[in-house]
Amino acid sequence: MKQIFTTLAIMLMSMALHAQNTSSVPVYLDEKQPIEARVNDALSRMTLEEKVKLCHAQGKFYSNGVPRLGIPGLWSSDGPHGVRFEMNWADWGHSGWEIDSCTAFPTLTCLAATWNEELAYAYGKGVGEEARYRNKNVMLGPGVNIYRTPLNGRNFEYMGEDPYLAATLVVPYIKGVQSNGVASCVKHYCVNNQETNRMGVNVEVSERALREIYLPAFRAAVQEAGVWALMGAYNKIRGQHACHNEYTLQKILKGEWGFDGVVMSDWDGTHNAKEAAFNGLDIEMGTSSRPDKGIFGRNFRFDESYLGNDFLKGLRDGTYPMELVNDKARRVLRLIFRTAMNRQGFGKMDFAAHSEVVKAIGSEGVVLLQNNPVAKSKTPLLPMDVSQYQKILIVGDNATRVLSHGGQSSELNPQHETSVLKAFQDRYGDKIIYAQGYAVAQAWGGQPQGGSNQSDNATQLREEAVEKAKQADIVIYVGGLNKESGQDCEGSDRRSMGLSFGQNELITALLNANPRIVFVMMSGNAMELPELKRMPAILHAWYLGSDAGDIVADIVSGKVCPSGKLPFSYPVKLEDNGAMSFGAESYPGVNGQQTYKEDILVGYRWHDTKGIPALFPFGYGLSYTTFKYGKPSISGRTVSVAVTNTGKVEGKEVVQLYVGDDQASVLRPTKELKHFKKISLKPGETKTVEFTIKDDDLKFYDEASRGWKLEPGSFTLYIGSSSTDIRGKVKLNV
Ligand code: BGC
C-alpha cells in the first residue's frame with residue numbers, strides 16, 4: 001500500500017513539474033502551438049535591428065536567425081538535382097570538405113521526360129532526405145522556367161516546354177522535399193528563359209502568354225504544393241527587375257495567389273533598395289557589391305545589402321512603414337519554424353535506396369528517338385542481344401566524364417557516378433573496348449580552340465576510334481553536350497543547335513566504318529543531328545546522375561523497355577522554333593530589350609498551329625513494344641480509351657490528352673496538353689484510361705476582362721501517343 005502511495009506521489013509531482021515547465025516555455029518555442037502563434041510571439045520579442053537582420057544574407061548560403069532568442073538561421077543549398085557541396089563563406093569556392101557528397105539525381109528535364117508523378121515525389125523526397133541530413137533548410141530548386149529556345153544553357157535544369165506537364169510534376173516534387181521539413185525554393189520567377197544577358201535583359205511578354213505559358217507551374221507550386229520559398233529571377237520584366245517586381249511579386253504571387261512563404265532573391269539579383277523594400281522581396285541573397293556605394297567584391301559586408309543598413313535607416317526615418325519589415329520578418333520566421341525548427345525526422349544519406357530512385361527515374365526518362373534495322377536485318381538494332389557480339393566498342397568523351405560536375409550552380413559532388421564505360425565493363429568484361437574519339441576543349445563557349453596540336457590530336461583520336469570501329473561488332477557512341485560553359489551550363493547559352501568538338505565529322509567517319517551504331521546522346525536540349533538517316537538507333541539520355549551507366553546499359557541491353565517521352569519539341573532547324581523565328585528582338589534581345597513575339601505559341605503550340613513539322617515532336621518517344629489504342633469514347637465529361645500492349649515485352653505508355661477549341665474569338669493553339677497518364681502493360685494486356693475534362697481545361701486567358709474565360713461551343717479532344725501521333729478524337733460540346 002505504502003509503495004502504491006509513493007509511486008502515485010512521484011507521478012503527481014512529475015506531472016506538476018511538467019505542467020510548470022510547459023507553461024514556462026515561451027510560446028514561440030512551444031512546438032504544440034500553431035506556427036502563426038509562435039511567429040507572432042517571436043516577432044513581439046524582437047528589436048527592429050533583429051527584424052532587419054532576418055531580411056538579408058550573412059554568408060553566401062546562410063541567412064540570419066535571431067541569436068538572442070535561440071532562433072536558428074537558414075542554411076540553403078543548390079539545388080534541384082542533389083545537395084551541392086559546401087561552399088566558402090563569402091565567395092563561390094568549394095570549401096574542400098570531404099563529407100559533402102550526395103546522390104546525383106537525373107536532371108529535371110529527365111524527370112519531365114518520365115511523365116510520372118510518383119517518380120517526381122520520390123525524387124523530391126530523396127533530395128529532401130539528403131538535404132535534411134546535411135542540415136540544409138532551403139533547397140534552391142526546382143526550376144520550372146519554360147523551354148522557349150533550344151539554345152538556353154539552363155534548359156536541363158527545367159521541366160520542358162509545356163506548362164501543364166511542368167505544373168503536374170513540380171507539385172509532387174515539392175511535396176516530397178517538404179515532407180522532410182526542408183523548403184523547396186521554386187525558381188526562377190519569372191520569364192528567365194535564357195542565359196545570354198540574363199542579369200539585364202528586359203522581357204516584354206503579353207499578359208496572355210505570361211498567364212498561359214510562363215506562370216502555371218509557379219502557380220501550381222504555390223497553390224497546390226504549398227511551396228515555402230520562391231526565388232526571383234535575374235532578368236527584368238516590363239522594366240523592373242524580377243527580384244523586386246511589383247507586378248509579379250506583390251500583385252500576382254502574394255496578392256492573387258496568396259503566397260505565405262518567403263521570396264528570396266537570386267544571388268546578386270537585387271539592384272534597388274526601395275524596390276526591394278516595397279516590392280515583395282523578403283530575403284536578399286548573394287549580393288556581393290553595391291556599385292551605387294562604390295563597394296565591390298572583397299570589401300563587401302553583408303550588412304551593406306540593400307535590405308540591410310539602408311533598409312534599417314529607411315525604417316528609422318519613416319521612409320518605410322514598419323509593416324514592411326514586420327511582414328518580411330513574419331515570413332522568414334514562418335520559414336524557420338517550418339524548417340530549421342521543425343523536428344519531423346532528421347533525413348538520411350541512404351545512398352543505396354536513393355540509387356534505386358535514380359535508376360527508376362533514369363529508366364523511365366531516357367527517350368528512344370530512333371530505332372531502325374541495319375542493312376538486311378529485319379529487326380531494329382535495339383535492344384542489343386549482347387550474346388551475339390564478341391567486340392563492343394564504346395566511343396566518346398561522355399562515356400567516361402563525370403557529368404554531375406559542371407553546369408555551375410547545379411554542380412554536385414556525387415558519392416558515386418557510374419560511367420557508361422564502367423557499367424558496360426562491369427557487365428561484359430573483355431568484350432568491351434574503348435576509344436575517346438574526340439577531345440573536349442575547355443574554351444569559353446565549348447568550341448575547340450585553334451592550334452595545330454589540337455587538330456592533330458583530334459585527327460588522331462578520330463582515326464583511332466574509326467580503326468577500332470572497323471574491328472567491332474557494334475559501336476555505342478556516347479556523345480552530345482556536356483556541362484562545360486556554352487554547352488548545357490548556367491551563365492551562357494549555346495551558340496548553335498549543333499554538336500561541338502568535331503563530333504559531326506567523327507560520327508560520319510564511324511558510320512562509314514561500321515553502320516551498327518547506337519548513339520547515346522547526353523544533353524538537356526534539342527540537337528541538330530548529323531547523319532540522322534544513317535544513324536540506326538538514338539537515345540536521348542539527358543544527364544542521368546549517380547547511376548548513369550547502369551541506366552544506359554539496362555536500356556541498351558533490353559533489361560528495361562524505354563518509356564520516356566520528350567518534354568520539348570526538336571525543331572528540324574533552329575529557325576523552326578517559334579522564339580528563334582523572329583530574330584534578335586525575340587531572342588536574345590537587342591540593347592537589352594526583348595519581346596516574346598511568338599507569344600502563346602511556344603514549343604509544339606507553334607509547330608502545330610503554324611504547320612511547321614518538328615523533327616521529333618513534344619510527347620514523342622519509342623518503345624521496344626507497340627501499343628494499340630481503341631476508339632476513344634466520351635460520356636458526359638469523361639473520356640475513355642482502351643490501350644493494349646501488342647508487342648512481345650512489357651512496357652509503359654504515356655497516354656496523352658490534348659484539347660483544341662474548334663471556334664474561338666481569339667487565336668488558340670491547335671491543341672494543348674491537358675491530361676496524361678502513364679500506364680504499364682504486359683504483352684497482350686489491355687487497360688482503359690479515363691480522363692475527366694474540367695472547365696479549366698477549356699479556358700484561355702482573356703486580356704480584355706483580365707481573367708480566365710470559357711467560350712461555349714465545340715472542342716476537339718485528341719488522344720495520342722505524342723502531340724502529333726494522334727490515335728483518336730472525340731468532340732465535346734459545352
Ligand atoms: C543561380 C541560382 C542559384 C544561385 C545560388 C545563381 O547564380 O541562378 O539558380 O540557386 O546562384 O547558387
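**Figure 1. A cluster of aromatic rings in the predicted model.** In this predicted model, Trp115, Tyr164, Tyr604, Phe618, Tyr658 and Phe676 are joined into a cluster by ring pairs. The structure as a whole holds 30 aromatic pairs, and two further examples are shown in the legends that follow.

**Figure 2. The aromatic pair of Tyr123 and Tyr173.** A pair of aromatic rings is described by the distance of the centres and the angle of the planes. For Tyr123 and Tyr173 the ring centres lie 5.1 Å apart and the planes meet at 50°, so this pair is classed as tilted. The two residues belong to distant parts of the chain, with Tyr123 in helix H5 (residues 117-133) and Tyr173 in helix H6 (residues 163-178), 50 residues apart. Both Tyr123 and Tyr173 are buried.

**Figure 3. The aromatic pair of Tyr701 and Trp708.** The rings of Tyr701 and Trp708 form an edge-to-face pair, with 5.5 Å from centre to centre and 80° between the planes. Tyr701 has a relative accessible area of 4% and is therefore buried, whereas Trp708, at 37% relative accessibility, counts as partly exposed.

Figure 4. Arg338 is part of helix H12, which covers residues 322-338, and counts as buried because its relative accessibility of 14% falls under the 20% limit. When neighbours within four places in sequence are left aside, the residues in contact with Arg338 are Ile35, Gly181, Trp228, Asp260 and Gly261.

Figure 5. Gln178 lies in helix H6 and, with a relative accessibility of 7%, counts as buried. Beyond its neighbours within four places in sequence, Gln178 is in contact with Ala183, Ser184, Ala225, Gly226, Val227, Trp228 and Gln344; Trp228 is also one of the residues in contact with Arg338.

Figure 6. Ala242 is placed in the loop between strand S9 (240-241) and helix H9 (246-256), and its relative accessible area of 0% makes Ala242 buried. Leaving aside neighbours within four places in sequence, the contacts of Ala242 are with Tyr189, Cys190, Gly232, Ala233, Asn235, Lys236, Ile237, Thr248 and Leu249. Between Ala242 and Gly684, which are 442 residues apart in sequence, the C-alpha to C-alpha distance is 53 Å.

**Figure 7. The whole protein, as context for the close-up views.** The protein contains 19 helices and 29 strands, and its C-alpha trace spans about 90 × 80 × 60 Å along the principal axes. A compact globule of 734 residues would have a radius of gyration near 27 Å, and the value for the protein, 27 Å, agrees with this. Of the 734 residues, 61% count as buried, and among contacts between residues at least 6 apart in sequence, 74% join residues at least 24 apart. The protein exposes about 27500 Å², of which carbon and sulfur atoms supply 51%. The mean positions of the 81 positive and 82 negative charges are 3 Å apart.

Conventions: Residues are numbered from 1 along each chain as its sequence is written. This is a predicted model: local features need pLDDT of at least 70, side-chain atom pairs count only at pLDDT 80 or more; totals for chains, interfaces and linings use all residues. Side-chain values use heavy atoms; hydrogens and water are left out. Helices (H or I, at least four residues) and strands (E, at least two) are DSSP runs, numbered from the N terminus. The radius of gyration is taken over C-alpha atoms; the globule rule is 2.2 Å times the number of residues to the power 0.38. Buried means under 20% relative accessible area, exposed over 50%, partly exposed in between (1.4 Å probe, protein chains only). Contact means heavy atoms within 4.5 Å. Accessible areas come from the Shrake-Rupley method with a 1.4 Å probe; for residues, only the protein chains shown count as cover. Lys and Arg count as positive and Asp and Glu as negative; His and the chain ends are not counted. The place of a charge is taken as NZ of Lys, CZ of Arg, CG of Asp or CD of Glu. Rings of Phe, Tyr and Trp (its six-membered ring) pair if their centres lie within 6.5 Å; planes under 30 degrees apart count as stacked, over 60 as edge-to-face and the rest as tilted.
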